[in-house]
Amino acid sequence: MGHMEFESNSWTWDGVYYYPHLFGVIMLTALLGLSTSYFGGIAVPTLPYLLPDFRIFQTKKCVKKRVRVYMDGCFDLMHYGHANALRQAKALGDELVVGVVSDEEIIANKGPPVLSMEERLVLVSGLKWVDEVIANAPYEITEEFMNRLFNEHKIDYIIHGDDPCLLPDGTDAYALAKKAGRYKQIKRTEGVSSTDIVGRILTTAKDTKVSEQDNMNKIEGEETQANAGQMSHFLPTSRRIVQFSNGQGPAPNARVVYIDGAFDLFHAGHVEILKSARQLGDFLLVGIYTDQTVSEHRGTHFPLMHLHERSLSVLACRYVDEVIIGAPWEVTKDMITTFNISLVVHGTVAESNSSLNDKADPYVVPKKLGIFRTLESPKDITTTSVAQRIVANHEIYMKRNAKKRASENRYYTEKKYVSGD
């Protein structure tokens, strides 16, 4: 870190500080691995009597100042790109404070958000890299707010991605932070944006039973325009999965809880049910259905987010320890044994158009073993209900998307390589 301040860089050896004349003898003893009685003629007693407070380990007099970094955003339709931005921000400091922009500020600058402030706060707080959240943060970092960040919240650096963030008047929203020398940049995550996800939802709207027929008719004529947004451009790498992973398995006697699902369009309901599930054991394993399984149960236009995108969103959640990337529909005896599963849980709120009634119960085995439990879902949000909000206001989102897509295309056209993650 370029500008990290150290309150003190002085190290001392407790004991040696008080008995410097004996330092050579002690070191020689340690190096030769000899008993102190070897030096009997020099009248050096054994070490415990010589230095009652001697400690082998170095102790630092003053602790290094913890670097606090700040990143803000709307975090509307939370996706793994947001999660990756916050992961990178956290890596630039020790503590990450996240500002969640207020509904009013989003409306003034972009149009209505899809998710409420409460839902966005749940999503941001649920990310494993986030230490503190500031609700109702301003869209623009004014001098007044910047001083509040520095003085009240003890922020050292303000972070943003390498894509430009312009205010309605065309000026840079982070100009003041840059001028103050307290700005750091991270690399924008490829292949996903909220604009892109809205495009996917509008494209699939015809295939969902979430809207009135006249809305469907209106959208039909606009399908080709939205269709550009449906395909995912995300290129998953093994390194990204490692970066999102906790990197450790369950302890030998850990109580492993298993929950499975599509986890499509990761939302506040998912965070809450994962939190509830994690509280029932020591290790939470999450099975994420394959794209084929989701399509079979929810229709050919689903999932909105493909398997790797859904896996990263779930892995980014602080309550999740491990994921199975492409879990089977049925929980088998072999799976329970392989992963040492103690409890299988399922939420009470699920997609209403799931073909559960047509298929065999996927939880027959854990039910027979007496290790199945239904969890009361804390929220009644589903992927379809979130998509429905966009479809209901599709005209606003079509216009907003057209404008935002133009600026995103410009960003990709002019984009240069930026080192980083």
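This report describes a sheet, some backbone details and the cavities of a predicted model.

## The sheet

Strands of a sheet pair through backbone hydrogen bonds, either parallel or antiparallel. Here, an open sheet of 5 strands shows parallel pairing, and its order is β5-β4-β3-β6-β7. At the edges are β5 (132-137) and β7 (183-186), each of which pairs on one side only. From one strand to the next, the twist averages 30°.

Strand β6 (residues 157-161) runs parallel to β7, and 4 bridges join the two. Within this pair, I159 stands opposite K184 in β7.

## Helices on the sheet

Helix α3 (residues 80-91) packs on the sheet and touches β3 (68-73), β4 (95-101), β6 and β7. The direction of α3 makes about 140° with that of β4.

Helix α6 (residues 143-151) also packs on the sheet, where it touches β3, β5 and β6. The direction of α6 makes about 120° with that of β6.

## Backbone details in loops

A cis peptide bond, with omega about 5°, joins F302 and P303. P303 is placed in the loop between α13 (291-298) and α14 (307-315).

L265 is a residue other than glycine with a positive phi, near 55°. It is found in the loop between β8 (256-261) and α12 (268-278). L265 counts as buried because its relative accessible area is 4%, and the cut-off for buried is under 20%.

N340 also has a positive phi near 55° and is not glycine. This residue lies in the loop between α15 (333-338) and β11 (341-347). With a relative accessible area of 45%, N340 is partly exposed.

## Cavities

Rolling a probe the size of a water molecule over the atoms shows where empty space is left. The structure holds 2 cavities of 30 Å³ or more. The largest cavity has a volume of about 70 Å³. Its lining includes M78, H79, Y80, A83, L123 and G126, and also L127, F266, V271, S313, A316 and C317. By class, this lining has 9 nonpolar and 3 polar residues, with no charged ones.

The second largest cavity has about 40 Å³ of space. It is lined by M78, H79, F263, L265, F266, M305, E309, R310 and S313. This lining divides into 5 nonpolar, 2 polar and 2 charged residues.

Notes
Residues numbered from 1 in each chain as written. Predicted model: local features only at pLDDT ≥ 70, side-chain atom pairs only at ≥ 80, totals over all residues. Heavy atoms only, no water. Pairing = 2+ DSSP bridges. Axes fitted to C-alpha atoms, helices over the stretch in contact; angles between N-to-C directions. Contact = heavy atoms within 4.5 Å. Buried < 20%, exposed > 50% of the residue type's maximum accessible area, 1.4 Å probe, protein only. 1 Å grid on protein atoms, 1.4 Å probe; cavity = no way out; pocket = protein on both sides within 12 Å on 5 of 7 lines; lining within 4 Å. Points joined across faces, edges and corners; volume = space filled by probe spheres on them. Nonpolar A, V, L, I, M, F, W, Y, C, P; charged D, E, K, R; others polar.
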